[in-house]
Amino acid sequence: QKLAENDARPERAIQPTELLNDTLRRIFGCELADATQKQVYRALCISVRELLTEKNRVFGNRCTEKERKEVYYMSMEFLVGTSLRNNLFNLGLEAEFRKALADAGFDIDEIYAIDPDAGLGNGGLGRLASCYMDAATGMDYPMTGFSIRYEFGIFKQKIVDGWQMEFPDNWLEMGDVWLQAREDDAVEVKFGGEVREWMDNDRFKVAQVGYSSVMAVPYDMYISGYDSDAANRLVLWSAKLPQSFDMAAFSRGDYVRALERNAMAETISKVLYPADDHIQGKRLRLKQQYLLVSASLQSILKKHYKKYRTYTNLPEKVAIHINDTHPALCVPELMRLLIDEHDFGWDEAWDITCRTLSYTNHTVMSEALERWNVDLFREQLPRVYSICQEINRRLIEHLCAVYPNDWGKINYMAVIANNEVRMANLCLAACHKVNGVSKLHTDILRNGIFRDYCQITPERFLNVTNGIAYRRWLCQSDPLLTDYLKQLIGGDFLRDARALEKLLPYQNDEKVLADLMAIKRKNKERLAALIENQNGVRVDPDSIFDIQIKRLHEYKRQLLNILHVLYLYRQIKANPHGDFMPRTFIFAAKASAGYIRAKQIISLIVAASKLINNDPDVNDKLKVVFLEDYKVSLAEIIIPAADISEQISIAGKEASGTGNMKLMINGAVTIGTLDGANVEIHEQVGDENIFLFGMKAHEVEELWQRGYHPTEFITPELQAVLDMLTSGVLGQRFDDLVDSLLTNRFGTADPYMTLADFQDYARAQRDVAAVYQDKQRFARMSLINIAKAGIFSSDRAVKEYADEIWNLD
Ligand code: 26Q
């Protein structure tokens, strides 16, 4: 079958049927004619993996020959999602394999459905890391991701009696096909013990003694890029007890103890922490972070030395990026390796460390800034702690010179203070570049939480607005729209997302607008079928699909959305024969397991959906759906079906958001506050093509200064909604939630100013309904959103990192 001219170049000389038969014979001793679907799935994955392995070998050799600078992206999370379809698409082999399988009686879409999500992340931060791997690879940058091979990724969510329950996600059962172990490259990582110092022929030596060792075994996952000769690797570390330890205990006859130790060591890579809000300072989390950092840095240094026989040129040839503070131990660990293991003096080691490391911040919420208790830190990482102390000593010496006697400022900037090690300050003290993830967020870093550091080294601070791998989030998840765009504006947009602007001249073309609406309608039908299947609720594809999908957090204000839904419900009840634009509100969100308030909000959404969906008065005018187990592969089905994208966080709190970009490029129109990257979406589309509401970030600040009294914002209608929560009409009472809005028993009432923004939100929602009456006008807004979304490609973002931060050639 001839490929469209704009599809990625297919790998030369690949015969899908032969390749599959060959792999099936090798692995299962069968051929397509008699293979099961699962065997075909595995053989297909293995074939793709082998193609990528070879690409990676050739690409790696070429980079070594040319002595290209390489980037290492350190992240506790990579939310990879599924790999099979993405890899086939990037390799330009999708159509060919689809046909070859069809000829053998297999439906490739059913085979895709077997591919499990690699859910090695919580949400935005982890997905961003994966989008950047894809983009870097497509642009031929040598980039290696480092993370942990969690046996259990983000939990599976089920709603039981209206309450979120968590279940283990045993993704390796099927997902292991994508991983290749490299047992021989295992690295030793040391925990505990103490620091010993001695003189060795006039040289002062330091080492950690009496420690216990864990072996970190690397597993490679190959990453493809669109239409690219490159293939990169995501290296996932798995914790294992060293063989020698095992055997010693066994030979002492301490059989049970030996196995116990084994299990202890191996828990380190057992499970992803499902929190993305507040931090709890757990010992196991610290061990996970150190396992990642120490193993990765050791392997980076080893490879570097093999290539260059020196470490002094490390900053010229290697960039190491710290994704939020979770891998901040890179700072003291790189110092430790250079000083203790490679004989550098402090000053030279510090110079190399600073010029090699860079750091991205993803949050301004103080409860999410990582700090470790000094005793816990010293107990687990005694040598790393002593290096942190020396970093802190020198930092404070410097700060005393810059800010004499300003002890408040010096304490605020310290790496160790108040019995805690502060990971953000560690990064700020060392990294040569620090970036925020949207213009507004970076401004808040510069003028707010990192103001003092920005004052002494302003040249280190910059913004890189987030981006998305739109070939996954548009081209693969919405093939209808993609094919349509290809024939309308040509396929340039597959290589350069900015070419989506070629759509703009069609904004008044009735035929094009009608076609776009027809495509949206198809995608809504697909989602409606999924909703009926999962929730047993029939929704009308002609209603407005209004969608809020993201982690559940108070600051993201899902509560504002559901309160407004109840407000609409009361309006319909009061006037059942009134003219009302039919609407379907769709939610999906996971809450951290211990975040009770977030779980209560999920319960409220579920309770509201029961009441509303079963009320005959409301019937086809209003539906509410909570889809369980939100994850990458579910997002890929929901997003193409969205009319309205809910981005309603309190201004100043959402660092960027990336779901906002995914929805935009699929033609959803944003209803949102001027927060995070919404500000830049607004810049792109203008007032006419977005529904803005609510306080600006500075107005939020000013209201706090004046004193916020939520009761002043309660109208009779809003009071009636709050009464629904406490009256029992929802099948249960949500006194706690109402309490959190009205009383300041725990600090502040309504800390996210839900009530203050309610009226303006309701106004913006009225605007949505009014505009949607005019289908053409809405379709034009949608078109402009698609056309202007190109700037939010992760290609653009990665290029900025490469040019401004990593200095790649
Ligand atoms: C920290 C310590 C212990 C356990 C867990 C954590 C932890 C884990 C994940 C803390 C935070 C996270 C994730 C944060 C995150 O996803 N932030 C989001 O990052 C996106 C990408 O930049 C932004 O678009 C979002 O605005 C931001 O909320």
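What radius of gyration would a compact globule with 809 residues have, and what does the chain have? Then, which elements give two or more residues to the side of domain 1 that touches domain 2?

Modeller: First, the ground rules. This is a predicted model, in which local features need pLDDT of at least 70, side-chain atom pairs count only at pLDDT 80 or more, and totals for chains, interfaces and linings use all residues. Residues are numbered from 1 along each chain, as its sequence is written.

Now your opening point. A compact globule of 809 residues would have a radius of gyration near 28 Å, and the chain's 27 Å agrees with that. The radius is taken over C-alpha atoms, and the globule rule is 2.2 Å times the number of residues to the power 0.38. The C-alpha trace spans about 95 × 75 × 55 Å along its principal axes. The chain holds 33 helices and 25 strands. These are DSSP runs numbered from the N terminus: helices are H or I with at least four residues, strands E with at least two. Of the 809 residues, 49% count as buried. Buried means 20 or more other C-beta atoms within 10 Å of the residue's own; exposed means 12 or fewer; partly exposed is in between, with C-beta atoms placed from the backbone.

Next, the domains. Their bounds come from an automatic or database domain assignment. Domain 1 is made of 67–82, 117–466 and 799–806, while domain 2 is 470–792. Their C-alpha centres lie 35 Å apart. Domain 1 puts 37 residues into the contact and domain 2 puts in 31. Two residues are in contact if their C-beta atoms, placed from the backbone, lie within 7 Å. On the domain 1 side, the elements giving two or more residues are strands S2 (78–81), S5 (156–160) and S6 (163–167), plus helices H6 (124–138) and H18 (439–447). By class, that side has 13 nonpolar, 16 polar and eight charged residues. Ala, Val, Leu, Ile, Met, Phe, Trp, Tyr, Cys and Pro count as nonpolar; Asp, Glu, Lys and Arg count as charged; the others, Gly among them, count as polar.

The ligand ties in here. Its shell draws at least three residues from each of domain 1 and domain 2. There are 23 residues around the ligand, and the closest are Gly124, Leu125, Asp276, Ala655 and Ser656. The shell divides into eight nonpolar, eleven polar and four charged residues.

The largest nonpolar core comes next. It has 240 residues, and Leu291, Cys330 and Cys427 have the most contacts inside it. Helix H24 (residues 596–613) supplies the largest share, nine residues. Both domain 1 and domain 2 give residues to this core, so it lies between them. Such a core is a set of buried Ala, Val, Leu, Ile, Met, Phe, Trp, Tyr and Cys residues joined through C-beta atoms within 7 Å. Leaving out residues up to four places away in sequence, Cys330 touches Met74, Val293, Leu297, Ile320, Ile322 and Leu357. Across the chain, 76% of contacts between residues at least 6 apart in sequence join residues at least 24 apart.

Some single residues are worth a visit. Asn435 sits in strand S18 (residues 433–436). It counts as buried, with 23 C-beta neighbours inside 10 Å. Beyond four places in sequence, Asn435 touches Thr360, Thr442, Leu462, Asn463, Val464 and Ile805.

Ile279 is in the loop between helix H9 (255–266) and helix H10 (283–308). Ile279 is partly exposed, with 18 other C-beta atoms within 10 Å.

Last, the backbone. Most residues other than glycine have a negative phi. Asn419 has a positive phi, near 65°. Asn419 lies in the loop between strands S16 (416–417) and S17 (420–422), and it counts as exposed, with 10 C-beta neighbours inside 10 Å. Asn619 has a positive phi too, near 40°. Asn619 lies in the loop between H24 and strand S22 (622–626). With 13 C-beta neighbours inside 10 Å, Asn619 counts as partly exposed.

Conventions
A residue is near a molecule or strand if its C-beta atom, placed from the backbone, lies within 6 Å of it.
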